[in-house]
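Please read the model below with a view to its helices, its loops and the contact between its chains.

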Amino acid sequence: MAGNSGNAIDPIHQFHISKIFPVEIGGVDFSFTNASLFMVVTVAVATLFLVLSTNRRGLVPSRAQLMAEMSYEFVAATLRGSAGNDGMRFFPLVFSLFMFVFVANMLGMFPYFFTVTSQIIVTFALAMLVIGTVTIYGFFKHGVGFLKLFVPSGVPAGVVPLVSAIEVISFLSRPVSLSVRLFANMLAGHITLKVFAGFVVMLTGAGAVGIASAVLPLALTVAITALEFLVAFLQAYVFTVLTCMYLADALHPSH
Amino acid sequence: MSNTQGNLNTTAEVGIVEDGGSFPPFDSTTFPSQLLWLVLSFGVFYWVMSKVVLPRIGGILEDRRDRIAGDMAEASRLKQETDEAIASYESALADARKKATTMAHDARSKVKAETEGARAAAEEQLAAKLSESEQSISKIKAESLSHVGEIAAETTGELVKALIGGRAPAKAEVAKAVDAALK
């Protein structure tokens, strides 16, 4: 939904990355961009909210503290539900991922704000963080036994190669599906929003009839905005749930 | 990962859009910068979450759970104490009631016994007085009766004296006559 002043109707422009101050190390461009800025803003907003709201450590929570506690308990319940009590060792990771993705998605809903999670490289990096944790922890904890993940128990010996091949492909496709799901949802939602909002602008430029008929895309824009808030939460949640399920695999590979 | 970046880069070349540039999310020239700043910001975020925020919220929730459990235990302890107090009060009340009944019963029987005693004594006294009176009456009666003959003889002597005149008959004669008449 991040807009731009120049080309109001280009729905892609909101994803454009512009340098704020250039940094170059060893010939590679590490500039601080608008994407970097909103990563920092996301972290700052989430951290400040969680720190300030729990500052009083109230026995009877304030509203803000209650929200912080609810997010804690929500993520804890999700993780415990799929990975069990052992899974709580990954709680900081899962909670950080949920809060980061959720706050980034929500900040993206503000007009003119950059949506960090609409960049495939960001969602892919987060997905690789999850899969990397699963793989490294899985081998660290179970050694070769982690490979049992690819050999489901109770499968006839004849079909084991086939099933294992499918399991391996499914495992390898996890980072792709995890990252593309979040990225595509945020990207498509923001483009749709921009396109419908663009219709309103175009039609209002076309005289009285245009203004009258602009009501329909305007109503749709409002409806899609509401839907996008839902999607922003839902995708953060889905990302978290899948993370929890993959972590459960690392903890208990034989399924 | 560099292989994936390469793949995405080729995709980006296909995804050319209106403004002539590549589709921004697939523009691999921005990837190093995005990855660096993501690692920095997410790393700091993870560190703050795991070191500050999550222990703090966990502590708050645990404190509250402990406090509630403690309060519940205290409440059940107080309830037990109350129950005990009520039970002891009830038993004390029952004892007192029993004692009061006994005392009332005792007092009643004591009073009754005293009354009975007093009555018996009074009756005895009365009976004694009665028999005494009866004795004196019968004595007086007997005395009176013993004097009747004498009086009759005297009266008779006087009467005879008045009727016949002269001298009075001899006392013995009169008494003899009266006795005979009385018989």
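The dialogue that follows takes up these features in turn.

Q: What kind of model is this, and how are its parts labelled?
A: This is a predicted model, in which local features need pLDDT of at least 70, side-chain atom pairs count only at pLDDT 80 or more, and totals for chains, interfaces and linings use all residues. Residues are numbered from 1 along each chain as its sequence is written, while chains are lettered from A and ligands numbered from 1 in the order in which they are written.

Q: How many residues of chain B are in contact with chain A?
A: Two residues are in contact if their C-beta atoms, placed from the backbone, lie within 7 Å. Here 37 residues of chain B touch 40 residues of chain A. Helix H2 (residues 31-164) of chain B contributes the most to its side, with 26 residues; helices (H or I, at least four residues) and strands (E, at least two) are DSSP runs, numbered from the N terminus. By class, that side of chain B has 25 nonpolar, six polar and six charged residues. Ala, Val, Leu, Ile, Met, Phe, Trp, Tyr, Cys and Pro count as nonpolar, Asp, Glu, Lys and Arg as charged, and the others, Gly among them, as polar.

Q: Which residues of H1(A) are buried, and what do they pack against?
A: A residue is buried if 20 or more other C-beta atoms lie within 10 Å of its own, exposed if 12 or fewer, and partly exposed in between. In H1(A), the buried residues include A:Ala35, A:Phe38, A:Met39 and A:Leu50. The buried residues of this helix pack against strand E4 (32-33), helix H2 (63-83) and H3 of chain A, together with H2 of chain B.

Q: What is the angle between H2(A) and H3(A)?
A: Axes are lines fitted to C-alpha atoms, for helices over the stretch in contact, and angles run from 0 to 180 degrees between N-to-C directions. H2(A) and H3(A) pack at about 120°, with axes 10 Å apart. They are therefore oblique to each other (under 35 degrees is roughly parallel, over 145 roughly antiparallel, 65 to 115 roughly perpendicular, and the rest oblique). The residues of their contact divide into eight nonpolar, one polar and no charged.

Q: Why does A:Tyr112 count as exposed, and what is its phi?
A: A:Tyr112 is exposed because it has 10 other C-beta atoms within 10 Å. Its phi is near 75°, a positive value in a residue other than glycine. A:Tyr112 lies in the loop between H3 and H4 of chain A.
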